[in-house]
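Hi,

Here is the structure I promised to pass on. Have a look at it first, and my notes on side-chain contacts come after.

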Amino acid sequence: MNKKMVTIIAALAMCTAMAGCTGNDTASSSKAETTTTTTAAAESAAPAESTDDSTPANVGTTDYDVDGDFRAFEQMKDKYEGNYLANLTGQMSNNGTKYTICIKDGKAYQALTVQGMKSYTVCPGDGKLYNISEGTTTYSIEDDDGNQWKSADILFGATLDFDHAYIDTTTNVVQEYYKLDSSVSGGEGQIVYGFDGATYDLKQVVLLPEGADESSAVYFAVDSIGEADDSLLAVPDLSAYTKE
């Protein structure tokens, strides 16, 4: 399997190893309370967007009904599934790592920047995966079985049924919990989406393996999300790179 286009799998593997998890039974109601606390803690630990707010306690209210039919994820899915460009920043144990993910029509681009060093993978839909490192000016080519782009699709690729929702009243963030598709993610667990309670814009994504706690879950702040950029989905000029 491609060593770079595995955002969901790699993130889950990392936090499972940190937690010493082995994949237990489906979460109970007490586990749901634990994961709710986990995401709330992550939200409060995330970098503040502004230091100029003179009334930090007034974070707004939301009309979201945790027991209702409306789901912010479904609204986002209708708008962006299969066609989006997202920029994420790792938080907590993944702090500072930059991710760029572009998905469209079964094609994918995923870039990872760690301490200024960028590597990325392009899945252009030609049956190949192109792994490129700007730091070492090298590249490799692997076969694509046609489903590798799903592993890069961190927003939708491994999301299954809705589990429960929670409103963090201290931040006015609506947190929706969904089960993960282990056939894509490589492990059991949940994916948690944090939405602004007023606008329902996506603010945070948390990958929470079965049995993990707040110290071992993987957190991403969502810097931006919009329509896919076709230019990222084409194989770049590799004439200055060395093939491995």
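Below is what turned up on charged pairs, aromatic rings and charges over rings.

Before the details: this is a predicted model, where local features need pLDDT of at least 70 and side-chain atom pairs count only at pLDDT 80 or more, while totals for chains, interfaces and linings use all residues. Residues are numbered from 1 along each chain as its sequence is written, and side-chain values use heavy atoms, with hydrogens and water left out.

Salt bridges to start with (a side-chain nitrogen of Lys or Arg within 4 Å of a carboxyl oxygen of Asp or Glu). The count is three. In one of them, lysine 104 pairs with aspartate 230, with 3.1 Å between the closest N and O atoms. Lysine 104 is in strand E2 and aspartate 230 in the loop between strands E11 and E12, 126 residues apart; helices (H or I, at least four residues) and strands (E, at least two) are DSSP runs, numbered from the N terminus.

Another bridge joins glutamate 134 and lysine 118, at 4.0 Å from N to O. Here the glutamate sits in the loop between strands E5 and E6, and the lysine in strand E4. Aspartate 143 and lysine 128 also meet in a salt bridge, at 2.6 Å, and they belong to strands E6 and E5 respectively. Aspartate 143 is exposed at 60% relative accessible area, whereas lysine 128 is partly exposed at 32% (buried is under 20%, exposed over 50%, partly exposed in between, with a 1.4 Å probe and protein chains only).

On to the rings: the whole structure has 12 aromatic pairs (Phe, Tyr or Trp rings, the six-membered one for Trp, with centres within 6.5 Å; planes under 30 degrees apart are stacked, over 60 edge-to-face, the rest tilted). Phenylalanine 73 and tyrosine 178 make a tilted pair, with centres 4.7 Å apart and planes at 45°. The phenylalanine is in helix H3 and the tyrosine in strand E8, so this pair ties together parts 105 residues apart in sequence. Tyrosine 178 is buried, at 2%. Tyrosine 84 and phenylalanine 156 are edge-to-face instead, at 5.6 Å and 75°.

Lastly, charges over rings (NZ of Lys or CZ of Arg within 6 Å of the ring centre and within 35 degrees of the ring normal). Arginine 71 lies over the face of phenylalanine 162, 4.0 Å from the ring centre. Lysine 118 lies over tyrosine 120 at 5.2 Å.

Cheers
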